[in-house]
Amino acid sequence: MFFIDSFLGGAFLTYGIDVIKFMSQNQENRTDPMVLVFPRVTKCTFHKFGPSGSIQKHDTLCVLALNILNEKIYIFLWFWFIILAVLSGIALMYSIAVVLLPSIRETILIRRFRFGPPAGVSALIRKTQVNYFSLFI
């Protein structure tokens, strides 16, 4: 997200929030945040040979159709990155809880391994106490 934000000039971190605000505003007095990042229309200068053989300049407006597609792709990417960040945070909290709280480890082992009664699994866990932090020493 940070690389894309620097690539888009600092407009990506709040891009999805700005789009949600834009969608909820009144139709008459809203400014599209997507146009600031991905302009849809620009000024083009065409150099063309005139009737006398000299080069003539024609200033026109050009529609940037690819930018219309790009804004949709980046909105999807923003929401996808947010979903992945939330799921990664939940997975990280779960891993930290399993590492730091022995009661959670015991509960997980009792639920996953059904090779014996819960009392037997608890006794086995107590007999084979392994300190997680001693693995790093």
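Three salt bridges turn up in this predicted model. Two of them have Glu71 as a partner, with Arg40 on one side and Lys72 on the other. Lys43 and Asp59 make up another pair.

- Arg40 pairs with Glu71, and their closest N and O atoms sit 2.8 Å apart.
- Because the bridges share partners, Arg40, Glu71 and Lys72 end up joined in one network.

**How open the network residues are**
- Glu71 has a relative accessible area of 0%, so it counts as buried, the cut-off being under 20%.
- Arg40 comes out as partly exposed, with a relative accessible area of 27%.
- Lys72 is partly exposed too, at 46% relative accessibility.

**The Lys43–Asp59 pair**
- Lys43 and Asp59 form a salt bridge whose closest N and O atoms are 3.7 Å apart.
- This one links distant parts of the chain as well, with Lys43 in strand β1 and Asp59 in strand β2 (residues 55-63), 16 residues apart.
- Both Lys43 and Asp59 are exposed.

Methods: Residues are numbered from 1 along each chain as its sequence is written. This is a predicted model: local features need pLDDT of at least 70, side-chain atom pairs count only at pLDDT 80 or more; totals for chains, interfaces and linings use all residues. Side-chain values use heavy atoms; hydrogens and water are left out. A salt bridge is a side-chain nitrogen of Lys or Arg within 4 Å of a carboxyl oxygen of Asp or Glu. Buried means under 20% relative accessible area, exposed over 50%, partly exposed in between (1.4 Å probe, protein chains only). Helices (H or I, at least four residues) and strands (E, at least two) are DSSP runs, numbered from the N terminus.
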